[in-house]
Amino acid sequence: RSTLFPYTTLFRSADLIVMGTHGRSDINRVLMGSVTERILRETNRPVLTVRQKEGSTGESQLSIKTVLCPVNFTDVSKYALEHAVSVSMAFQAELVLLKVVESDERISDEEINQQLCDWMPAGIRDHCRMRDLIRSGDASNQIISVAEEIDADLIVLGAQHKLLRDVTVIGTTTMRVTRHSPCAVLTVIKAK
């Protein structure tokens with residue numbers, strides 16, 4: 001592991017890392033990388049990134065009414081769904097599952113709904129108020145767009161570390177959503 005941060009030891013024993021983020025995308029962030037993104041690359045702990053909503057001032061009350069969980073039928077996505085269900089149940093929030101269909105996928109909405117039902121662990125629908133959405137296009141853009149449409153309070157994303165030339169990376173969808181999300185993002189890291 002890198003020694004970029006003096007807090008690395010603390011991160012290893014934490015159950016959750018909570019960080020504020022500016023969501024900057026300027027050239028300085030590109031050249032230096034943000035602290036949040038560096039933490040996401042270095043930890044195996046869930047990371048909650050929070051940005052102050054535009055127009056809000058002062059202290060805000062913690063209120064989670066709508067949780068958005070993008071799914072793509074992978075183990076990482078199922079791991080994120082487990083966390084999304086737990087949060088939804090704890091706050092009695094609606095859970096919205098989003099499946100983004102890549103432009104080259106040829107599959108009907110009915111087939112996707114059947115895949116969601118087959119893929120989802122037994123009993124989840126019995127414990128949550130849920131709805132499913134299907135969109136097509138770029139995953140990060142669709143996740144951000146849907147979060148704005150449904151006024152989501154939290155996005156729960158699954159991520160997995162990948163090794164690229166001795167550097168740990170997180171997928172671009174995770175980074176883009178974390179950077180540009182209109183609401184808090186809980187990124188859960190699934191170990192390989």
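Trainee: Is Asp151 buried or exposed?
Mentor: Asp151 is exposed, because its relative accessible area is 52% and the cut-off for exposed is over 50%. Bear in mind that this is a predicted model.

Trainee: Where does Asp151 lie?
Mentor: In the loop between α7 and β6, the latter being residues 154-159.

Trainee: And what about the phi of Asp151?
Mentor: Asp151 has a positive phi of about 55°, although it is not a glycine. Most residues other than glycine have a negative phi.

Trainee: What comes just after α4?
Mentor: Gln92, which takes a positive phi of about 50°.

Trainee: Stay with α4. How does its length compare with what 1.5 Å a residue predicts?
Mentor: Helix α4 covers residues 75-91, which is 17 residues, so it should span 24 Å. The C-alpha atoms at its ends are 25 Å apart, which agrees.

Trainee: Which residues of α4 are buried?
Mentor: Val76, Ser77, Ala80, Leu81, Ala84, Val85, Val87 and Ser88.

Trainee: What lies over the face of Tyr79?
Mentor: Lys190, at 5.2 Å from the ring centre.

Trainee: How many aromatic pairs are there?
Mentor: The structure holds zero.

Trainee: Strands now. How many residues of β3 are buried?
Mentor: Six of its six, so the strand is mostly covered. In a regular strand the side chains alternate between the two faces of the sheet. In β3, Thr66, Leu68 and Pro70 are buried on one side, and Val67, Cys69 and Val71 are buried on the other.

Trainee: In what sense do β3 and β4 pair?
Mentor: Parallel, over six bridges. In that pairing, Pro70 stands opposite Leu98 in β4.

Trainee: What about β2, which strands go with it?
Mentor: Strand β1 (residues 17-20) pairs with β2 (residues 47-50) in the parallel sense, over four bridges. Strand β9 (residues 184-189) runs antiparallel to β2, and three bridges join the two.

Trainee: Which residues face each other there?
Mentor: Gly20 has Val50 in β2 as its bridge partner. On the β9 side, Val47 stands opposite Thr187.

Trainee: What is in the loop between α3 and β2?
Mentor: Thr43 is found there, with α3 being 35-42. Thr43 is buried, because its relative accessible area is 4% and buried means under 20%. The side chain of Thr43 reaches the backbone nitrogen of Arg45 at 3.0 Å.

Trainee: Back to β4. Is Val101 buried or exposed?
Mentor: Val101 is buried, with a relative accessible area of 8%. It lies in strand β4, residues 94-101.

Trainee: What does Val101 touch?
Mentor: Leaving out residues up to four places away in sequence, Val101 touches Ile107, Ile112, Ile134, Arg135, Ser136 and Gly137. Take Ser136 from that list. Val101 and Ser136 are 35 residues apart in sequence, yet their C-alpha atoms are 4.5 Å apart in space.

Trainee: Now Ser140. Where does it lie?
Mentor: Ser140 lies in helix α7, residues 139-149. It is buried, with a relative accessible area of 1%.

Trainee: What does the side chain of Ser140 make a polar contact with?
Mentor: The side chain of Asp138, at 2.7 Å. Ser140 also touches Thr173, Arg176 and Val177, again not counting residues up to four places away in sequence.

Trainee: Last one, the overall picture. How many helices and strands are there?
Mentor: Eight helices and nine strands. Of the 192 residues in the protein, 42% are buried.

Definitions and conventions:
Residues are numbered from 1 along each chain as its sequence is written. This is a predicted model: local features need pLDDT of at least 70, side-chain atom pairs count only at pLDDT 80 or more; totals for chains, interfaces and linings use all residues. Side-chain values use heavy atoms; hydrogens and water are left out. The expected span of a helix is 1.5 Å times one less than its number of residues. Buried means under 20% relative accessible area, exposed over 50%, partly exposed in between (1.4 Å probe, protein chains only). A polar contact is a pair of N or O atoms within 3.5 Å; within protein, one must be able to donate a hydrogen and the other to accept it, and residues adjacent in sequence count only if both atoms are side-chain atoms. Contact means heavy atoms within 4.5 Å. Two strands pair if DSSP finds at least two bridges between them. Rings of Phe, Tyr and Trp (its six-membered ring) pair if their centres lie within 6.5 Å; planes under 30 degrees apart count as stacked, over 60 as edge-to-face and the rest as tilted. A charge sits over a ring if NZ of Lys or CZ of Arg is within 6 Å of the ring centre and within 35 degrees of the ring normal.
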